[in-house]
Amino acid sequence: ISDQKPLGCWSLKHGQILTCPVVCNFETHEYIAVHDDKVLRIWKNEDINLDKAFKATLSADVYRIHSLPQGGPLVLFRGGGVRTLDVLLEAPQQEIENLISDEVIRWSGAFMEGQQPVLVFTTEKDGDFFVYVQKPKLSGLHRYKLEQQESAKPLCFTAHITNQTVTLLCLYSNDSVYQVLIPLQQDTEEEEEEEQILSKSLLLNLSVSGAVLKGTSLVVLDKDHVAVLGSLAAPGKEPRECLTIWNTKFQTLQTSKELPLGTSGQLWCYEEKFFLIHGKVLTVILYKCETSSLAAAVGKLKDSQTPDVSLFLNWNTLEDEELVVSFQSQEPVALKEESRINLRSRRSTVAEGQPETLSVGQLLLKLKSASTYVLESELKKLMAKAPTPDLQATIGCVVTALTDRCKRSPKYYPQSFLQQIVETHDLSYSLCPDLMAVALEKKDMLLLQMCLERFPDIPEEITYTCLEVFLSMSEAHLQTIDVNVDSVICYIDVELDDKEVKTEIVENGFSAEMGQDMCDTKMPKQSHFRNNGESCPVGLQKAALLNAVLHSAYTETFLLPHLKNLPAQQAILFLRYLYYLYVKCSEKVNTTLPGIRSPTINQIMDWMCLLLDAQFTVMVMLPEAKELLSSLHKFVRAQVRFYSELNKIEGSLQELQRLNHLRESQTYSIEVLEII
């Protein structure tokens, strides 16, 4: 997720539709999907074509597949029947019983109780809701009816199992969360004659200070905390979507985060991480629940008396009244969006901590108006003594404090201090989002180069902005600034007294003469961009900066729209440089460029394809791009032909290698092997 790059993608044929979420089989490391309700597909990560994956057509429609770490996958059918995947694969066309007649499944969940999997699902029929508890391996099924609620109905469910008891939590349309306890019964052969009705108890009211949370999704964090995603409606204010965390033990709101870009209404929780769709991106938020304490709950309860709902904190700010980052070594840590969310209120944390110890947030507020020397001295001390678990977050706050001062004081810019921090610590863009914007404003090329090479989560818009700035800068100006050229110095062609110094090029199965013969075309000898890209079209400094862009992680879908805005001349220059790198890689047997952080052949090819996709119309229309595209086409065609010839003798070479292993002659000999 941090690299923002797809690791695998599988597509169905046109007209086929995935009808339930894909899951992973923890035991076999395989993916399991169902399309068109009845067609089961199973494949592994290395499989490319989904159409060639394992296929089984079932006899009934599948509602959901649940995968348990120790229990194996369970398949729940729309008729209420349940099978383990192993049993189902033994006879895919086996008859599946219909247990729920006209009822419709609304929710299902799978859990482990000891060594046995337990499946819980809820159904609806004519406004009545029913709960089913089943142990698939023991063929035990129990049906209950949920107690009706006047003028309110369940919107979503979640559950957990503790001490042989299923705790079912129901989010109702009256903005309340109810709890239903279902003991796991011993399976008996006799069916129960009377339908059992489950009573429920009020667990939580989703309202505070006159504001009501209209919940859409509910997940359990631990025995005392739940998270609710929904829309907060306060009197006289526009509704706003929020992710909230509540303490069910003390009936209090612990913390929340506004989501101004909107959500899909769905919230997932897995291994202490929230997953939700915010706008057009998948947002992942780490959290950590403390042991529920009365002091923390009371602290929040006091805040809840304020009329402006100030407890709905903004987790991305470091303002005076919304300071939620605390780095006392005795207390758990609350970080920003990619970090941990402290479920204890700021007020109670400060009260319980040592009074003489300032948190990072308090120290930064104290240094807000300090002199430059005092600020940098104190920040260096802070980084030196920060505890190891909190170090990265501490440094992120330090960088944020420095960039905030840069924005307030245009003449202030601690260039060497910022470069030192980025060079010596593992940071990310999300920990200091304003750093690269300030570096772009100050034209700090070295800092931008460091960030591009080191940050794993740079937004595509920032990557594109850096690329455009690098391409637009003159070579004369770049020679006057400090740039790290370690990635290019070992392979780039440099000029001395207007004479190019280079070695003879013999590519991987491709030479200039060979390429011309195979393409039946001769290239002009005196062209500005010579045959095979043998001269670098940019200087050392610009090449090093462009290499940093090639190292930056990206998602093609998000980067492509920005690349379409790249000016034509800059696009041609960038493509010329990529072509030059491509030729240089082809000179080496292992297609690897020498140097530190030099771009790989995959990075070069990916960017070349991406640039051609974005600028194809421009490249075709511009006369100055014609020769470049022709040279690139001829070189690629020659490479394809060369590797095609290698493929023809691959079998013979493998046989030769096998014979060499069989014949371990101890004496000198000459053997002639004829390749037919």
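Visitor: Leaving aside its neighbours within four places in sequence, which residues is Thr 167 in contact with?

Guide: This is a predicted model, and in it Thr 167 is found in strand E13, which covers residues 165-172. Once the neighbours within four places in sequence are left aside, the residues in contact with Thr 167 are Thr 158, Ala 159, His 160, Gln 179, Val 180 and Leu 181.

Visitor: Does Thr 167 count as buried or exposed?

Guide: Buried means under 20% relative accessible area. The relative accessibility of Thr 167 is 8%, and therefore Thr 167 counts as buried.

Visitor: How are H10 and H13 oriented to each other, roughly parallel or roughly antiparallel?

Guide: Helix H10 (residues 460-472) packs with helix H13 (residues 540-551) at an angle of about 165°, their axes being 10 Å apart. Angles over 145 degrees count as roughly antiparallel. H10 and H13 are therefore roughly antiparallel.

Visitor: How many of the 12 residues of H13 are buried?

Guide: The cover over the buried residues of H13 includes helix H9 (445-454), H10, helix H11 (475-478), helix H15 (568-587) and helix H16 (601-621). Among the buried residues are Gln 541, Ala 544 and Leu 550. H13 is mostly covered, and of its 12 residues the number buried is 10.

Methods. Residues numbered from 1 in each chain as written. Predicted model: local features only at pLDDT ≥ 70, side-chain atom pairs only at ≥ 80, totals over all residues. Heavy atoms only, no water. Axes fitted to C-alpha atoms, helices over the stretch in contact; angles between N-to-C directions. Helix = DSSP H or I, 4+ residues; strand = E, 2+ residues; numbered from the N terminus. Parallel < 35°, antiparallel > 145°, perpendicular 65-115°, else oblique. Buried < 20%, exposed > 50% of the residue type's maximum accessible area, 1.4 Å probe, protein only. Contact = heavy atoms within 4.5 Å.
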